[in-house]
Amino acid sequence: MMETSVTQSQDEAWRTQGTQPSLPEVHRSLRVPTKGSWLKKLLAFSGPGYLVAVGYMDPGNWATDIAGGAMFGYTLLSVILISNLMAILLQALAGKLGIVTGRDLAQACRDHYSKPVVFTLWLLCELAIAACDLAEVIGSAIALNLLFGIPLIYGVVITVLDVFIVLLLQNKGFKYIERLVIVLIFTIGACFITEIFLAKPDAPALFAGLIPSHHIVTNPMMLYIAIGILGATVMPHNLYLHSSIVQTRRYEQTELGKRQAIKYATWDSSIALFFALFINAAILIISAATFHKAGMTEVAEISQAYDLLTPLLGTAVGSILFGVALLASGQNSTLTGTLAGQIVMEGFLNIRMKPWLRRLVTRLIAIIPAVIVTAISGESGTAQLLILSQIILSFQLSFAVVPLIQFTSDKKKMGKFVNPLWMKILAWFVAAVIIVLNVFLLYKTFFG
């Protein structure tokens with residue numbers, strides 16, 4: 001009886017009741033065992049975290065990691081580590097919001113804010129998703145060009161087919177998407193383990209790089225790239241995505257059931273994000289161990305890195321593995337980006353589109369500018385477009401982080417699951433750091 005009244009009071013904190021779940025075709029479709037070992041329960045919850053993690057290792061991250069390693073060696077490893085810890089906290093809050101309220105972040109925003117604010121947030125989020133999709137399209141096209149010699153413009157067009165792969169897998173069941181994503185993550189990981197072995201990094205310098213240095217703040221160029229790494233690491237659309245896909249699990253709708261769901265979902269996303277930490281760190285480590293060591297501090301583009309790895313490592317295997325990892329990264333990010341697009345449109349606007357149509361629209365928004373720029377400017381244009389996509393993501397990040405912390409810190413909306421005081425302080429501190437650094441990045445980009 002007590003639990004029912006608590007649930008009712010939480011429901012009353014929302015203006016709209018009986019909200020249709022996001023991704024209704026897979027909502028609560030995967031059963032979670034009520035009995036059994038903790039490992040069995042953890043495995044049942046494992047999956048959403050890996051879909052989230054791929055956004056933290058998409059092709060947009062590669063350029064900043066390569067530039068950071070080539071220019072400053074291992075120094076910026078600490079920035080990747082700190083960014084990842086921020087991501088772990090924010091994704092845990094996103095998962096908790098979805099589990100406790102039964103709403104994703106977009107639906108929560110639509111309920112809480114006025115229509116003009118909601119529409120503005122939706123536009124910004126769509127822009128961020130288009131920017132992220134742009135990075136995936138360009139990354140996949142570059143990988144196809146490097147591995148198979150396919151011209152960039154044709155590679156961009158080929159990525160339209162990704163939409164239908166997502167649709168086919170989702171029709172078979174959400175687990176199939178999760179399994180493909182996990183396989184691709186391990187493929188990327190295996191490629192970079194081999195690359196690190198070939199690059200033979202300086203171990204003492206590597207571990208020293210995990211400790212923050214005052215030079216990151218005092219050196220303007222290092223600070224600029226550090227902020228770029230932060231902007232490329234913490235992805236705004238992943239917060240919307242995570243708050244929705246945790247609801248694919250059929251956990252018990254009781255206080256105990258939700259507490260268990262929060263615990264295992266947090267473990268799932270935290271473990272998965274450590275894989276993302278390894279991938280991003282590996283890109284910077286390889287860049288530091290090859291380009292920085294050889295005095296090639298100007299290397300900043302993916303195709304440059306690919307061409308230079310073979311002579312520096314003494315084997316073509318290094319370049320091939322780099323290309324395979326890039327292709328896997330682009331394909332992985334495509335799967336999650338198209339899902340996020342569906343969640344955002346349905347959540348903010350309550351517009352239901354057929355999944356294949358929504359994904360096709362999302363992909364075309366990214367492909368059209370990529371085709372135009374590739375046709376006019378070629379490879380140099382796509383490199384600039386990749387940088388622009390990360391700037392757009394940086395700008396949008398604050399508009400996702402602030403509502404997330406606001407909702408999960410609201411006792412009326414979250415009830416017993418509200419953020420404790422220490423978490424509120426930590427979360428708002430992280431938000432403040434992100435906002436200040438991203439404002440600085442935007443200022444330096446346009447006026448610096």
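Visitor: Before we start, what does buried mean here?
Guide: Buried means under 20% relative accessible area. The model is a predicted one.

Visitor: Then histidine 242, buried or exposed?
Guide: Histidine 242 has 1% relative accessibility, so it counts as buried.

Visitor: Where is histidine 242 found?
Guide: In helix H14, residues 236-245.

Visitor: And what is histidine 242 in contact with, leaving aside neighbours within four places in sequence?
Guide: Pro48, Val52, Gln91, Ala94, Gly95 and Ser269.

Visitor: Back up a bit. What does the secondary structure come to?
Guide: There are 20 helices and two strands. The protein has 448 residues, and 58% of them are buried.

Visitor: What about contacts between residues at least 6 apart in sequence?
Guide: Of those, 84% join residues at least 24 apart.

Visitor: New topic. How many aromatic pairs does the structure hold?
Guide: Nine. One of them joins tyrosine 50 and phenylalanine 275, with ring centres 6.0 Å apart and planes at 50°, so that pair is tilted.

Visitor: Which helices do tyrosine 50 and phenylalanine 275 lie in?
Guide: Tyrosine 50 is in helix H3 (residues 48-53) and phenylalanine 275 is in helix H15, so the pair ties together parts 225 residues apart in sequence. Tyrosine 50 counts as buried at 11% relative accessibility, while phenylalanine 275 is partly exposed at 28%.

Visitor: And tryptophan 62 with phenylalanine 322, what are the centre distance and plane angle?
Guide: The centres are 5.1 Å apart and the planes stand at 70°, so this pair is edge-to-face. Tryptophan 62 sits in helix H4 (residues 59-72) and phenylalanine 322 in helix H17 (residues 316-349), 260 residues apart.

Visitor: Buried or exposed, those two, tryptophan 62 and phenylalanine 322?
Guide: Tryptophan 62 is buried, with a relative accessible area of 0%. Phenylalanine 322 counts as buried too, at 4%.

Visitor: Which residues do ring pairs link into a cluster?
Guide: Trp14, Tyr113 and Phe407.

Visitor: Now cavities. How many of 30 Å³ or more?
Guide: The count comes to one. About 50 Å³ of space lies in the largest cavity.

Visitor: Which residues line the largest cavity?
Guide: Ile66, Phe192, Ile283, Ile286, Ser287, Phe291, Ala305, Leu309 and Phe322. Helix H15 (255-292) and helix H16 (302-313) are the elements that give two or more residues to that lining, and H15 gives the most, with four.

Visitor: How does the lining of the largest cavity split by class?
Guide: Eight residues are nonpolar, one is polar and none is charged.

Definitions and conventions: Residues numbered from 1 in each chain as written. Predicted model: local features only at pLDDT ≥ 70, side-chain atom pairs only at ≥ 80, totals over all residues. Heavy atoms only, no water. 1 Å grid on protein atoms, 1.4 Å probe; cavity = no way out; pocket = protein on both sides within 12 Å on 5 of 7 lines; lining within 4 Å. Points joined across faces, edges and corners; volume = space filled by probe spheres on them. Nonpolar A, V, L, I, M, F, W, Y, C, P; charged D, E, K, R; others polar. Buried < 20%, exposed > 50% of the residue type's maximum accessible area, 1.4 Å probe, protein only. Contact = heavy atoms within 4.5 Å. Phe/Tyr/Trp six-rings, centres within 6.5 Å; stacked < 30°, edge-to-face > 60°.
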